[in-house]
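I am keeping a notebook on one protein chain. The entries below record what I looked up, in the order I looked it up.

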Amino acid sequence: MNKTQPIRLLPEPGCGGCMPSHAGCGGGFGRPCPAPELRGNPALVQGVLESLRGVVAADGGNIVDRQLVKALHIGADEAELTVSFPPSCGIGRDLAEGAFQALRRALPDTDVYVRHAV
């Protein structure tokens, strides 16, 4: 009996998978990952992205350069960060907490929300 391989519907590592690779991200089907959606004062957004580069996994890769940041919206009194890794991922909770703390330090008088992309 010849068994066929199941179709993998979950993201591969390197593009929002649980353990991203250093090789970067393939957006699926040979496409590159889309750039994160950024809204707010450009200088402030860039400063916050720099702060988020301090959120690193055990192997030293940060969440910005690994393309795990899907969106960052900074308003007058609140900021929302959307990340691609699931909270159930072994390192997901630690990375989400690190991102939250980095946002709180960069935006001390702002309500901060970290969301996981679905």
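This is a predicted model: local features need pLDDT of at least 70, side-chain atom pairs count only at pLDDT 80 or more; totals for chains, interfaces and linings use all residues.

Residues are numbered from 1 along each chain as its sequence is written, and side-chain values use heavy atoms, with hydrogens and water left out.

**Entry 1: the chain as a whole**

I looked up the elements and found two helices and four strands. Helices (H or I, at least four residues) and strands (E, at least two) are DSSP runs, numbered from the N terminus. Read from the N terminus, the order is β-α-β-β-α-β.

I then looked up the surface. The chain has 118 residues, and 34% of them are buried. It exposes about 7500 Å², of which carbon and sulfur atoms supply 55%. These areas come from the Shrake-Rupley method with a 1.4 Å probe; for residues, only the protein chains shown count as cover.

For contacts I used heavy atoms within 4.5 Å. Of the contacts between residues at least 6 apart in sequence, 54% join residues at least 24 apart.

**Entry 2: the sheet**

In what order do the strands of the open sheet stand? I wrote down E1-E2-E3-E4, with mixed pairing. Two strands pair if DSSP finds at least two bridges between them. Strand E1 (37-39) and strand E4 (111-116) are the edge strands, each pairing on one side only. Neighbouring strands are turned by 10° against each other on average, direction ignored. Axes are lines fitted to C-alpha atoms, for helices over the stretch in contact, and angles run from 0 to 180 degrees between N-to-C directions.

I took the pairs next. E2 pairs with strand E3 (residues 78-83) in the antiparallel sense over five bridges, and three residues separate E2 and E3 in a hairpin. Leucine 72 stands opposite leucine 81 in E3. E3 and E4 pair in the parallel sense over six bridges. Alanine 79 has valine 112 in E4 as its bridge partner.

**Entry 3: the helices**

I checked how each helix lies on the strands. Helix H1 (residues 42-52) lies across E1, E2 and E3, at about 135° to E2. Helix H2 (residues 92-106) lies across E2, E3 and E4, at about 155° to E4.

**Entry 4: histidine 73**

I picked histidine 73, which is found in strand E2 (residues 69-74). Is histidine 73 buried or exposed? It counts as buried because its relative accessibility is 16%. Its side chain makes a polar contact of 2.7 Å with the side chain of arginine 39. A polar contact is a pair of N or O atoms within 3.5 Å; within protein, one must be able to donate a hydrogen and the other to accept it, and residues adjacent in sequence count only if both atoms are side-chain atoms. Neighbours within four places in sequence aside, histidine 73 is in contact with Glu37, Arg39, Glu78, Ala79 and Glu80. Its bridge partner in E3 is glutamate 80.

**Entry 5: salt bridges**

How many salt bridges does the structure hold? I found four, a salt bridge being a side-chain nitrogen of Lys or Arg within 4 Å of a carboxyl oxygen of Asp or Glu.

Arginine 115 forms one with glutamate 80, the closest N and O atoms being 3.2 Å apart. Arginine 115 lies in strand E4 and glutamate 80 in strand E3, so the pair ties together parts 35 residues apart in sequence. Arginine 115 is partly exposed at 40%, and glutamate 80 is partly exposed at 22%.

Glutamate 50 and arginine 53 meet in another (2.6 Å, N to O). Arginine 53 also forms a salt bridge with aspartate 65, with the closest N and O atoms 3.0 Å apart.

**Entry 6: glutamine 67**

Last, I looked at a backbone angle. Most residues other than glycine have a negative phi. Glutamine 67 is not a glycine, yet its phi is positive, about 60°. Glutamine 67 sits in the loop between H1 and E2 and is partly exposed, with a relative accessible area of 29%.

Notes. Buried means under 20% relative accessible area, exposed over 50%, partly exposed in between (1.4 Å probe, protein chains only).
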